[in-house]
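Please read the following note with the sequence and the model open beside it. The numbered points begin with the ligand and then turn to the sheets and the domains.

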Amino acid sequence: MIDSKIPPGPIQEKWTQYKASCRLINPANRRKYRVIVVGTGLAGSSCAASLSELGFQVEVFTFHESPRRAHSVAAQGGINAAKDYKNDGDSIWRMFYDTVKGGDFRSREANVYRMAECSLALIDQAVAQGVPFAREYSGYLSNRSFGGVQVSRTFYARGQTGQQLLQGAYQALMRQSQIGNVRLHTRHEMMDLWVEEGKAKGIVARNLDTGEIKLHVADAVVLATGGYGKIYYLSTLAMNCNASAIWRAHKQGAFFAAPSWTQFHPTSLPQMGDYQSKLTLMSESLRNDGRIWVPIKSGDNRPPHEIPEEERDYYLERKYPSYGNLAPRDISSRAAKEQIDNGHGVGPMNNAVYLDFKDAINRDGKTAIEKRYGNLFYMYKKITGMDAFKEPMLISPSAHFSMGGLWVDYELMSNLEGLFVLGEANFADHGANRLGANSLLQACVDGYFISPHTIMNYLAGEKPIEDPKPELSHEIIDTNQKRLDNLLAIQGNKTAEEFHKELGKILYNKCGLIREKQTLLKAKTELKNLRDSFYKELLVPKGSSLNFELEKAARMEDYLELAQLIVEDALQREESCGAHFRAEHQTPDGEAKRNDNEFQFVSVWEILENGNHNLHKEHLDFESIKVSERSYK
Amino acid sequence: MKLTLHIWRQENQKSKGRFETYELSGLDPQMSVPEMLDFLNEKLIKDGKDPIAFESDCREGICGQCGFVINGHIQSPEKHATTCQTHLRSFNDGDELFLEPFRAAAFPIKKDLCIDRTALDRIIAKGGYIGVNTGQAPEANSILIGHYTAESAFDAAACIGCGACVAVCKNASAALFTGAKISHLAMLPQGKMEAKNRVKSMVAQMDQEGFGSCTFTGACQEVCPQSISVANIVTMNREFWKS
Ligand SMILES: Cc1cc2nc3c(=O)[nH]c(=O)nc-3n(C[C@H](O)[C@H](O)[C@H](O)COP(=O)(O)OP(=O)(O)OC[C@H]3O[C@@H](n4cnc5c(N)ncnc54)[C@H](O)[C@@H]3O)c2cc1C
Ligand code: FES
């Protein structure tokens with residue numbers, strides 16, 4: 001049932017072979033084909049622009065007012081590429097290995113290798129577009145290091161790498177909208193997938209300004225709709241990030257892979273009050289010089305400077321002497337949670353740990369630290385009103401990245417033919433834990449270099465679609481309109497936001513950094529109750545045109561369904577791997593314990609008519625890499 | 001903490017708007033301005049009233065979505081900050097706040113505090129790019145760019161497209177927005193090839209969208225959340241005369 005369509009041959013040659021043998025369409029015929037691209041983040045913009053450059057007609061949808069506002073814009077730290085400009089022993093192979101290991105041996109070798117391989121051309125492409133990466137005085141590109149690896153392969157544009165890369169992709173897209181074949185539909189939200197004879201042939205989208213719902217048909221559909229970490233409510237994602245596009249596609253038959261694998265970022269700012277709507281990320285690079293600690297005595301409420309050195313626990317340095325404060329994200333986040341849960345949390349809500357720059361300032365001087373992190377310290381002050389030069393920063397783990405997503409094969413195509421899923425929306429390259437600076441890369445590589453070939457290969461076997469019979473299109477439009485009408489009709493007494501906050505609490509507490517059978521079972525009941533009450537108590541103000549509350553309510557409905565699958569997925573996986581930590585499965589010293597005999601597969605979920613789920617397994621074969629214990633001690 | 005809010009309510013582009021007053025208590029000084037509006041909206045919805053339409057997304061000052069006017073300050077009474085980066089601790093208990101949308105002919109009001117800024121995208125579409133197709137790029141290190149040039153290009157490229165520069169300008173000019181893009185690309189060797197056409201067509205589009213001309217008051221650089229310098233406007237003008 002699960003065929004990942006990995007090309008034969010040695011791993012180094014698979015992609016070259018694929019490209020050499022995939023089907024092409026003559027330039028004059030390409031304009032007969034229409035592709036819908038949903039999402040204008042790095043993955044969507046780059047794919048749409050590249051397809052248009054090839055001569056295909058492209059219809060682009062985003063709920064944002066402008067393509068440039070997609071959440072890729074918020075990425076700070078950088079993007080990886082195996083250029084080996086540092087001569088420090090980097091190579092495609094090493095990057096491939098680091099990524100598979102970082103993902104705790106739960107990703108597909110062939111996909112990861114290809115990502116590392118394409119990373120070289122991606123940096124070339126971005127530079128040619130005018131992305132102002134950091135440079136040495138000599139004019140050459142500069143690199144820095146990131147968590148979980150021992151080489152410096154990260155390219156960056158100050159603390160705004162995502163913004164700069166996105167501008168490159170957005171500008172390429174706008175250029176095509178002017179000279180090429182791109183038609184932009186901004187402020188349009190995809191509500192459903194149109195499937196004909198088992199193939200994706202269009203989407204239902206709602207114009208968010210007017211409320212009009214329409215069917216748009218195409219020969220292939222690309223979903224590049226980003227991550228769904230916002231399901232935890234408090235997260236580093238933007239307010240409007242959602243799972244609706246992929247969830248609706250899932251309900252039309254697309255398989256969902258590893259839904260419960262969410263990465264929690266260790267250095268976000270902690271929650272300060274109940275009103276809070278999001279958690280801001282502080283770049284991981286701070287961990288290069290900041291030391292993480294908590295008071296040894298639990299419940300110690302003294303201000304940090306009154307706590308003497310011997311009463312502090314630098315727990316990462318203690319537990320992971322070789323990586324110390326630079327231990328990978330899953331490990332650092334879990335360690336912080338353990339401290340907080342055991343009563344060592346600091347800050348007004350006792351939900352944070354300290355990230356302390358005192359020693360670095362004493363060692364290198366304030367000027368040096370200011371030069372390195374000035375903008376981050378400034379940002380910290382802007383948000384919290386506190387000065388990190390004077391007192392340690394407060395940080396805490398926050399929901400951040402979805403390793404899970406719609407299942408795709410080597411061609412980035414779902415089990416539903418003609419449906420391609422790119423960027424954070426798919427399950428592909430990161431396994432059970434993503435390495436820093438690899439996901440901007442994945443989104444770009446999917447969009448610029450992989451999907452243009454695989455989509456053309458698919459279209460070459462298709463006859464250009466004609467508009468569907470009007471009665472068919474009326475039916476799916478009616479179904480979607482009714483769905484919104486039903487939400488509007490409930491008229492209870494709780495807003496979508498309130499439901500979202502409750503959902504977030506359940507997931508954080510029972511299916512977050514640490515998972516356990518008993519609590520997961522409780523979560524299951526609580527989620528069911530929450531869903532039931534949603535249909536009785538939801539309150540959406542009337543109005544079918546511009547109505548932000550209605551948008552939220554529809555996304556919330558999808559989140560509530562996805563949450564149940566997340567818990568099911570976490571329950572089913574009786575092992576710990578990467579970000580998925582089951583308390584029952586740990587080594588004597590509290591580290592994640594994989595179970596390769598039984599769980600060396602990706603959990604792939606199919607939805608059934610009655611809404612229940614069926615599990616398929618994509619077994620992971622490691623032919624090039626030896627599976628080993630993932631240790632950072 | 002208590003605040004009295006006077007918020008611009010306007011059903012749609014055609015209807016007439018007015019300020020409506022809301023008294024809020026129980027606010028937390030650490031709340032951001034959008035969080036304050038979330039708080040107000042929850043009350044309005046429960047009272048069966050129409051919530052305030054406002055937009056925000058990243059809530060960390062980078063997506064450019066949120067901005068409106070607070071007591072006459074574009075985006076924020078804080079310097080170089082977006083609306084979402086403004087916290088109630090910037091105000092005093094009991095203060096009165098007037099919230100209204102950015103006003104510019106090229107930014108029609110959609111509802112309440114929401115405006116349509118797609119005019120800015122249309123300016124970019126006219127040449128705010130380097131015309132390189134996927135696959136054409138040479139090896140990255142074959143294009144050398146000095147450290148300081150790269151840094152200045154970044155300074156210009158840091159624009160978040162929020163439109164604060166237009167909103168603050170008495171002529172509603174988009175010169176800072178357009179100048180920043182022109183100057184970002186003109187500084188780089190790979191951007192020089194198309195420089196002449198770029199500046200001509202982007203400037204023409206700016207006029208066509210109904211943005212006013214720049215009379216160099218410098219107000220834009222004062223409110224820009226990314227502190228983008230008016231020197232970029234000088235560059236644009238120079239590029240324009242060269243073209
Ligand atoms: C704060 C932060 C910092 C990060 N830093 C880094 C970093 O330093 N390095 C790194 O490699 N990665 C980083 N990441 C991760 C990385 O930024 C993302 O994984 C990546 O940008 C995702 O890109 P995307 O194109 O898949 O999705 P996005 O950029 O999220 O775009 C999604 C698009 O889909 C559209 N959309 C969604 N749903 C619908 C719908 N139903 N209908 C219509 N349109 C829809 C949206 O409008 C948007 O245009 C960071 C992430 C965050 C949150
Ligand atoms: S919401 Fe993104 S800049 Fe304010």
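1. A nitrogen atom of ligand 1 is 2.8 Å from an N or O atom in the side chain of A:Ser439. This is a polar contact, that is, a pair of N or O atoms within 3.5 Å; within protein, one atom must be able to donate a hydrogen and the other to accept it, and residues adjacent in sequence count only if both atoms are side-chain atoms.

2. Helix H3 (42-54), strand E6 (188-196), E15 and helix H12 (439-459) of chain A are the elements that give two or more residues to the shell. Helices (H or I, at least four residues) and strands (E, at least two) are DSSP runs, numbered from the N terminus.

3. The model is predicted: local features need pLDDT of at least 70, side-chain atom pairs count only at pLDDT 80 or more, and totals for chains, interfaces and linings use all residues. Residues are numbered from 1 along each chain as its sequence is written, chains are lettered from A and ligands numbered from 1 in the order in which they are written, and side-chain values use heavy atoms, with hydrogens and water left out.

4. Which residues come nearest to ligand 1? Of the 37 residues around ligand 1 (a heavy atom within 4 Å), they are A:His64, A:Ser72, A:Glu424, A:Ser439 and A:Leu440.

5. In chain A, an open sheet of five strands runs in the order E11-E15-E14-E12-E13, with antiparallel pairing (two strands pair if DSSP finds at least two bridges between them). Strands E11 (262-268) and E13 (312-313) of chain A stand at the edges with a single partner strand each, so one side of each has no neighbour in the sheet. E11(A) pairs with E15 (residues 393-402) of chain A over five bridges, and A:Phe264 has A:Ala399 as its bridge partner in E15(A).

6. Chain B has an open sheet of five strands in the order E2-E1-E5-E3-E4, with mixed pairing. Strands E1 (residues 3-9) and E5 (residues 96-100) of chain B pair in the parallel sense over four bridges, and B:Leu99 in E5(B) is the bridge partner of B:Ile7.

7. The domain assignment of chain A gives domain 1 (23-263 + 401-459), domain 2 (265-400) and domain 3 (472-600); such bounds come from an automatic or database assignment. In chain A, 45 residues of domain 1 are in contact with 47 residues of domain 3 (heavy atoms within 4.5 Å).
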